[in-house]
Amino acid sequence: LFVKQSPKDCLQEICGCEAKSEFNIATMEDKYINHFHAQEESDCCVRLCCPLCRDFTMDVTRNSQYGGGNVAHYIKKFSCCPCCLKCCCYMSISGVDEAGASYGRVTERCCCCVPHYTIYDQGG
């Protein structure tokens with residue numbers, strides 16, 4: 001898959017505001033036709049005050065616009081500030097189904113200041 005983050009508008013760039021992240025997802029064969037759209041849902045204050053450790057949910061929908069059929073739902077819980085406690089405060093994001101049951105997660109680990117990511121299925 002080919003993931004493209006939507007650009008910020010001029011006002012966000014000038015003010016330094018953290019906007020909700022938005023992504024369009026295409027195939028590697030045809031990078032210009034978007035098949036999926038992912039959009040973050042988070043609180044404005046949290047995005048401004050602690051952008052690196054904020055909690056959010058993200059829905060992935062069919063088609064290139066938000067509001068198509070839901071394909072996946074992700075939840076990232078608030079984590080400690082990664083700047084000084086990287087040895088113990090790792091980020092993690094979970095995929096959940098419509099009933100709220102987790103079907104997998106991605107967890108960050110750090111070794112010699114280099115992040116590594118491990119993918120887990122629902123079994124662990």
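Predicted model: local features only at pLDDT ≥ 70, side-chain atom pairs only at ≥ 80, totals over all residues.

Visitor: What makes up the protein chain in terms of helices and strands?

Guide: The protein chain has two helices and eight strands. From the N terminus, their order is β-α-β-β-α-β-β-β-β-β.

Visitor: Why does S21 count as buried?

Guide: Buried means under 20% relative accessible area. S21 has 14% relative accessibility, so it counts as buried. S21 sits in the loop between α1 (10-15) and β2 (22-26).

Visitor: Which residues does S21 touch, leaving out those up to four places away in sequence?

Guide: S21 touches Q5, A38, Q39, E40 and R54. Contact here means heavy atoms within 4.5 Å.

Visitor: What share of the protein chain is buried?

Guide: Of its 124 residues, 24% are buried. The accessible surface of the protein chain is about 8,300 Å². Carbon and sulfur atoms account for 60% of that surface.

Visitor: Why are β5 and β6 called paired?

Guide: Two strands pair if DSSP finds at least two bridges between them. β5 and β6 are joined by four bridges, so they pair. They run antiparallel.

Visitor: How much space lies in the largest pocket, and which residues are closest to its centre?

Guide: The largest pocket holds about 590 Å³ of space. It is lined by 22 residues, and F56, K76, M91, S92 and I93 are the closest to its centre. The elements giving two or more residues to the lining are β4 (56-62), β5 (70-76), β6 (92-96), β7 (102-111) and β8 (114-121). β7 gives the largest share, five residues.

Visitor: What makes a residue of that lining nonpolar, polar or charged, and how do they divide?

Guide: Phe, Met and Ile are among the types that count as nonpolar, and Lys is among the charged ones. The lining divides into 11 nonpolar, six polar and five charged residues.

Visitor: What share of the contacts between residues at least 6 apart in sequence join residues at least 24 apart?

Guide: In the protein chain, that share is 25%.

Note on methods. Residues numbered from 1 in each chain as written. Heavy atoms only, no water. 1 Å grid on protein atoms, 1.4 Å probe; cavity = no way out; pocket = protein on both sides within 12 Å on 5 of 7 lines; lining within 4 Å. Points joined across faces, edges and corners; volume = space filled by probe spheres on them. Buried < 20%, exposed > 50% of the residue type's maximum accessible area, 1.4 Å probe, protein only. Areas by Shrake-Rupley, 256 points an atom, 1.4 Å probe, with all protein chains shown as cover.
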